[in-house]
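Good morning. I will take a few minutes to walk through one model, starting with its sheet and then moving to helices and single residues. Please keep the picture in view.

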Amino acid sequence: MTQYLLEADNLVKHFPVGRGGGFRQTNRPMIKAVDGVSFKLEAGTSLGLVGESGCGKTTTARLLLRLYDVTAGSIRFGGEEVQNATGKPLRAYRNQVQAVFQDPYSSLNPRMRVRDIVAEPLVAQGQMGRKELRDWVNELLSVVGLDANAAHRFPHEFSGGQRQRIAIARGLALRPRLVILDEPVSALDVSIRAQILNLLQDLQDKFNLSYVLIAHDLDVVAHMCDVIAVMYLGKIVEMGTADSISRAPAHPYTQALFSARLPARPDGRAARIKLSGEIPSPLNPPPGCHFHTRCPHVMARCRSAQPPLTTLPDGRIAACHLLGPA
């Protein structure tokens, strides 16, 4: 039986809109940011969350980090439920789940030296003596490709790529088992993105890390991840191995996303699938299949019946009436 490091089961996160109190509180409209998301992640592997802005990727990540409380559903880590954990169990979970954020220019305190930035999680936990702490910080800087002199400098003295290496070192300080990567290279120059991605893969092998990667760049996700989950308006519409989804997307939305990629070769032009209209509001999602207002293959039942996630012959799952039982 497969042992999963992380299991999300029917995660829901709704945000109330506007002000209200008393009896009006229960009648306030809700933004359905995440609406029934489930997935499993094995130790040492990577899951990619993709989709247009506003689809719920970052909210899902914040639920996993326990920055938001879940509205419904469960999160299991190492077999233990953690969605309602408090006190010592919550601290233990947060030690095991760290994050690297998108912008290395704003995620590092400009008033702190690099050694203090990297050591800060350890100091907060009081886990090490001074010499042990200094040695571990120097080792972390070394494994992310920075020399020992970097420890005494401030963030403004480094390039964007170097700052992201510092952020990665800080994320590894507590020896986590899972790292949430929220657009880790999108703010970097194209010339150094590959370096950071290669570093992340090397660190994954070295420390047996698991990743949840959020990114708009589909080629990055296909290269980095074992499994890809495609989200639309708070729901997963397709999930499967990175190879199967990147080579032959099944859901019409996934097909449109991957058709927008730049071709690997200049002569490798593929037909671009253009979606009409805008993403509906998560405050009032359309009935039936949420994607039916933009889908080029829309049918009558798409407008009234929500398609279930169906297992396809190759093992992936997708929510589309075209792919499910007739």
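This is a predicted model: local features need pLDDT of at least 70, side-chain atom pairs count only at pLDDT 80 or more; totals for chains, interfaces and linings use all residues.

Which residues of strand E6 point one way, and which point the other way? Val97 and Ala99 point one way, while Gln98 and Val100 point the other way. Every one of these residues in E6, which covers residues 97-100, is buried.

Now to what E6 belongs to. There is an open sheet formed by 8 strands, in the order E6-E7-E8-E3-E9-E10-E12-E11. Its pairing is mixed. The edge strands are E6 and E11, the latter at residues 310-311, and each of them pairs on one side only.

Let us go along the sheet from E6. Its pairing with strand E7, residues 178-182, is parallel and runs over 4 bridges. If you look at glutamine 98, you will find valine 179 of E7 standing opposite. E7 also pairs with E8, again in the parallel sense, over 5 bridges. There, aspartate 182 has isoleucine 214 in E8 as its bridge partner.

Next, the helix on this part of the sheet. Helix H2, residues 87-96, lies across E6 and E7 and runs at about 45° to E6. Leu90, Tyr93 and Asn95 are buried in H2. What covers the buried residues of H2? The cover includes helix H1 (57-64), strand E4 (72-77), E6 and helix H3 (114-125).

The next item is a pair of helices. Two packed helices are described by the angle between their axes and by the distance between those axes. For helix H5 (residues 160-172) and H6, the angle is about 20° and the axes are 10 Å apart. Angles under 35 degrees count as roughly parallel, so H5 is roughly parallel to H6. The crossing of H5 past H6 is right-handed. On the H5 side, the contact is made by Gly161, Gln164, Arg165, Ile168 and Leu172. On the H6 side, it is made by Ile192, Gln195, Ile196, Leu199, Leu200, Leu203 and Phe207. Sorted by type, the residues of this contact are 8 nonpolar, 3 polar and 1 charged.

Two residues have a backbone angle worth a look. Most residues other than glycine have a negative phi. Asparagine 208, however, has a phi near 55°, which is positive. You will find asparagine 208 in the loop between helix H6 (190-207) and strand E8 (210-214). Leucine 233 also has a positive phi, near 50°. Leucine 233 sits in the loop between E9 and E10. Is leucine 233 buried or exposed? Buried means under 20% relative accessible area, so leucine 233, at 4%, counts as buried.

Helix H9, residues 252-259, is mostly covered, with 7 of its 8 residues buried. Those buried residues are Pro252, Tyr253, Thr254, Ala256, Leu257, Phe258 and Ser259. Among the elements that cover them are helix H7 (218-224), strand E9 (227-232), strand E10 (235-241) and helix H8 (242-247).

That brings us to a residue of E10, threonine 241. Threonine 241 has a relative accessible area of 43%, so it is partly exposed. Not counting residues up to four places away in sequence, threonine 241 touches Asp226 and Val227. How far is threonine 241 from serine 159 in space? The C-alpha to C-alpha distance is 35 Å, and the two are 82 residues apart in sequence.

Alanine 187 is partly exposed, with a relative accessible area of 36%. Leaving aside neighbours within four places in sequence, alanine 187 is in contact with Gln102, Asp103 and Pro104. Alanine 187 and alanine 173 are 14 residues apart in sequence and 23 Å apart in space, C-alpha to C-alpha.

Which residues does histidine 321 contact, leaving aside neighbours within four places in sequence? They are Met299, Arg301, Cys302, Ala305, Gln306 and Pro307.

That is the end of the tour. Thank you.

Notes:
Residues are numbered from 1 along each chain as its sequence is written. Side-chain values use heavy atoms; hydrogens and water are left out. Contact means heavy atoms within 4.5 Å. Buried means under 20% relative accessible area, exposed over 50%, partly exposed in between (1.4 Å probe, protein chains only). Helices (H or I, at least four residues) and strands (E, at least two) are DSSP runs, numbered from the N terminus. Two strands pair if DSSP finds at least two bridges between them. Axes are lines fitted to C-alpha atoms, for helices over the stretch in contact, and angles run from 0 to 180 degrees between N-to-C directions. Angles under 35 degrees count as roughly parallel, over 145 as roughly antiparallel, 65 to 115 as roughly perpendicular and the rest as oblique. A crossing is left-handed if the near helix is turned anticlockwise from the far one by less than a right angle, and right-handed if clockwise. Ala, Val, Leu, Ile, Met, Phe, Trp, Tyr, Cys and Pro count as nonpolar, Asp, Glu, Lys and Arg as charged, and the others, Gly among them, as polar.
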